[in-house]
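Biologist: I would like to go through this model feature by feature. Please give me the general idea each time, and then the case here.

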Amino acid sequence: MTIDLTRRTLLQLAGASSLAMAAAGAARAEGTPQGGGPTYASRTPMRVGMVTLRVKNLDKVANYYRDVIGLTVMERSTSAAKLGTAGIALLVLEARPDAEIEPRNAAGLYHTAFLMPTRKDLARWLVAAASHRVPLSGFADHLVSESVYLDDPEGNGIEVYADRDPSQWQWSEGSVKMAADELDIPDLLSLTNTRVPDYAKAPDGMRIGHMHLRVGDLAQAQNFYHGTIGLDPTRSRNGAAFLSSGRYHHHLGMNVWQSQGAGQRDDQATGLAWFSLVTAKQDLLAAQEERLRKGGAKVTALADGVEAIDPWGTRVRLIRI
């Protein structure tokens with residue numbers, strides 16, 4: 001498989017006839033208006049730990065994350081599956097065979113973003129995805145990172161990406177510059193052998209770099225995730241807000257593009273059950289818990305932290321590691 005052939009294949013998988021169309025698909029996935037070092041995300045005071053999804057067809061969805069993303073199945077039963085890499089759990093799937101599929105205009109998950117440790121790992125994964133004819137929804141250069149978008153069998157959004165070195169990120173008055181430019185596919189694929197896919201499993205250093213949520217109201221979401229949880233704003237535009245810890249470009253994205261005015265989520269439907277934000281700082285965790293309790297949030301004690309519920313019913317676990 002040559003670079004040109006792979007490029008055409010990727011365009012076909014993304015339902016596009018040109019790089020511009022593919023970038024537009026990624027723009028829709030990331031919400032960009034039309035017309036770091038790879039480990040930086042994990043060196044911040046707070047970072048995303050793991051994600052739990054409720055799914056109708058456990059086998060089908062678990063096999064997808066195993067075969068397409070390359071996660072290792074660490075535990076599996078008739079009711080749940082735990083997947084990860086290098087012995088670190090990243091994703092838990094809970095079987096809900098009778099659940100309704102969560103509508104896209106409800107609050108909930110927009111996408112889970114798997115961060116590759118290197119750009120070459122992203123290239124290797126992309127060749128494997130092309131060789132297996134995995135449907136893609138778009139790909140783009142976001143300046144701070146390079147990203148590919150797709151959906152799991154039940155419509156849960158996925159981003160697979162690699163960060164640029166943080167020295168290349170452009171900050172101005174506390175806001176980081178991001179875009180949805182055309183991804184330079186030939187340059188990316190020049191890092192690997194496009195004739196022989198060699199991506200057998202997720203690299204040991206892959207982590208969940210960020211979460212992107214659908215919310216019902218941006219101001220309310222920022223009050224919770226910034227004012228109470230303590231993530232710092234890094235960018236805000238056109239119905240979306242991005243927040244992070246330690247000047248990462250974003251550990252959390254939130255938007256109202258499809259979900260403006262959404263009410264409480266149906267916790268019997270499929271989709272995001274909970275995700276965790278982890279920290280090694282006990283004082284940070286204690287401050288979060290104090291703000292949550294003072295703000296009247298519903299807080300549940302856990303063995304290693306607390307669980308809170310955002311204004312739409314998404315559970316967030318604040319964990320000390």
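Biologist: Is Arg-66 buried, partly exposed or exposed?

Modeller: Buried means under 20% relative accessible area, exposed over 50%, and partly exposed in between, with a 1.4 Å probe and protein chains only. Arg-66 has a relative accessible area of 35%, so Arg-66 is partly exposed. Before going on, note that this is a predicted model: local features need pLDDT of at least 70, side-chain atom pairs count only at pLDDT 80 or more, and totals for chains, interfaces and linings use all residues. Residues are numbered from 1 along each chain as its sequence is written, and side-chain values use heavy atoms, with hydrogens and water left out.

Biologist: Which side chain does Arg-66 meet in a salt bridge?

Modeller: In general, side chains of opposite charge can pair when their charged atoms come close. The rule used here asks for a side-chain nitrogen of Lys or Arg within 4 Å of a carboxyl oxygen of Asp or Glu. Arg-66 meets Asp-67 in this way, at 2.7 Å from N to O. Asp-67 has 52% relative accessibility and therefore counts as exposed.

Biologist: How many salt bridges does the rule give?

Modeller: The count comes to 17. One of them joins Arg-119 to Glu-146, at 2.6 Å from N to O. That pair links distant parts of the chain, 27 residues apart: Arg-119 is in helix α4 (residues 119-131) and Glu-146 in strand β7. Helices (H or I, at least four residues) and strands (E, at least two) are DSSP runs, numbered from the N terminus. Arg-119 is partly exposed at 25% relative accessibility, and Glu-146 is buried, at 3% relative accessible area.

Biologist: Which residues are linked with Arg-119 and Glu-146 in a network of salt bridges?

Modeller: The network also includes Asp-141, Arg-164 and Asp-187. Asp-198 lies in the loop between α5 (185-189) and β11, 74 residues from Arg-124. Asp-198 is partly exposed at 42% relative accessibility, whereas Arg-124 is buried at 15%.

Biologist: In what order do the strands of the open sheet that contains β7 run?

Modeller: Strands of a sheet pair through backbone hydrogen bonds, either parallel or antiparallel. Here two strands pair if DSSP finds at least two bridges between them. Eight strands form this open sheet, in the order β6-β7-β8-β5-β11-β14-β13-β12, with mixed pairing. β6 (138-141) and β12 (232-237) each have a single partner strand, so one side of each is left without a neighbour in the sheet. The twist averages 20° from one strand to the next. Angles run from 0 to 180 degrees between N-to-C directions, and axes are lines fitted to C-alpha atoms, for helices over the stretch in contact.

Biologist: How many bridges join β6 to β7?

Modeller: Four, and the two strands run antiparallel. Within β7, Glu-146 is the bridge partner of Asp-141.

Biologist: Which helix lies across β5, β7 and β8?

Modeller: Contact means heavy atoms within 4.5 Å. Helix α3 (residues 58-69) lies across these strands, at about 25° to β8. Helix α6 (residues 218-228) lies across β11, β12, β13 and β14, at about 160° to β14.

Biologist: How many aromatic pairs does the structure hold?

Modeller: Rings of Phe, Tyr and Trp (its six-membered ring) pair if their centres lie within 6.5 Å; planes under 30 degrees apart count as stacked, over 60 as edge-to-face and the rest as tilted. The structure holds seven such pairs. Among them is the tilted pair of Tyr-65 and Phe-114, 6.3 Å centre to centre with 55° between the planes. Tyr-65 is in helix α3 and Phe-114 in strand β5, 49 residues apart. Both Tyr-65 and Phe-114 are buried. Phe-224 and Tyr-225 form an edge-to-face pair, at 4.8 Å and 85°.
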